[in-house]
Amino acid sequence: MSRVLGEVVGRTGEEVQVERGPLGPVQFWRGQSRYVVGEMLDSWVETAPWWLRGNDAVGGASAELVAPREVWRVEAVRAGRSRMSFAGVYDLTWDAAGNRWWLVRVHD
């Protein structure tokens, strides 16, 4: 089961700080907690649903909302905890237009 995080200012997710390596995120901070990525499970590019794409002049969504976004699914553990018993799966996305990272899903 996965949990989609709440909507914040027109975006789904929670803003996080991420340290990125050559292949993707290597660690991220959620509030005061640091999570270390143990394994990159998948990555892909998401585009907006067809009904959100369109011309602004005809009532379409803004370019920021419909821009493609990169998504990484990672297995990570809170720093200081055992990966064997406390690892979780997280979807992180990079918002190039806003120059920030979002945690968009947590998988149980």
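Begin by selecting strand 8 and strand 9, which run antiparallel and are joined by seven bridges. The model on display is a predicted one. Within this pairing, select W94 and then W101 in strand 9, its bridge partner. Next, move to the hairpin that these two strands form: four residues lie between the strands, and N99 takes a positive phi near 55°.

Now turn to the other neighbour of strand 8. Strand 7 and strand 8 also run antiparallel, with seven bridges joining them. Select V71 to find the residue that stands opposite T93 of strand 8.

The next selection is the largest nonpolar core, a group of 14 residues. Those that touch the most other members are F28, V74, Y90, L92 and W101. Two or more residues of this core come from each of strand 4 (14-21), strand 6 (33-46), strand 7 (69-78), strand 8 (88-95) and strand 9 (100-107).

Apart from neighbours within four places in sequence, F28 is in contact with Q17, V18, S33, R34, Y35, V37, V74, A76, Y90 and L92.

Display the aromatic rings next. The structure holds five aromatic pairs. One of them is F28 with Y35, a stacked pair with 5.0 Å centre to centre and 5° between the planes. Y35 counts as buried because its relative accessibility is 10%, below the 20% limit. F28 also pairs with Y90, here edge-to-face, at 5.4 Å centre to centre and 70° between the planes. This second pair links distant parts of the chain, since F28 belongs to strand 5 (residues 24-30) and Y90 to strand 8, 62 residues apart. Both F28 and Y90 are buried. Selected together, F28, Y35 and Y90 form one aromatic cluster.

Is W29 buried or partly exposed? With a relative accessible area of 29%, W29 is partly exposed. Beyond its neighbours within four places in sequence, W29 is in contact with V16, Q17, E19 and R34. To finish, select the C-alpha atoms of W29 and R78: these residues are 49 apart along the chain, and the two atoms are separated by 9.2 Å.

Conventions
Residues are numbered from 1 along each chain as its sequence is written. This is a predicted model: local features need pLDDT of at least 70, side-chain atom pairs count only at pLDDT 80 or more; totals for chains, interfaces and linings use all residues. Side-chain values use heavy atoms; hydrogens and water are left out. A nonpolar core is a set of buried Ala, Val, Leu, Ile, Met, Phe, Trp, Tyr and Cys residues joined through side-chain atoms within 4.5 Å. Buried means under 20% relative accessible area, exposed over 50%, partly exposed in between (1.4 Å probe, protein chains only). Contact means heavy atoms within 4.5 Å. Rings of Phe, Tyr and Trp (its six-membered ring) pair if their centres lie within 6.5 Å; planes under 30 degrees apart count as stacked, over 60 as edge-to-face and the rest as tilted. Two strands pair if DSSP finds at least two bridges between them.
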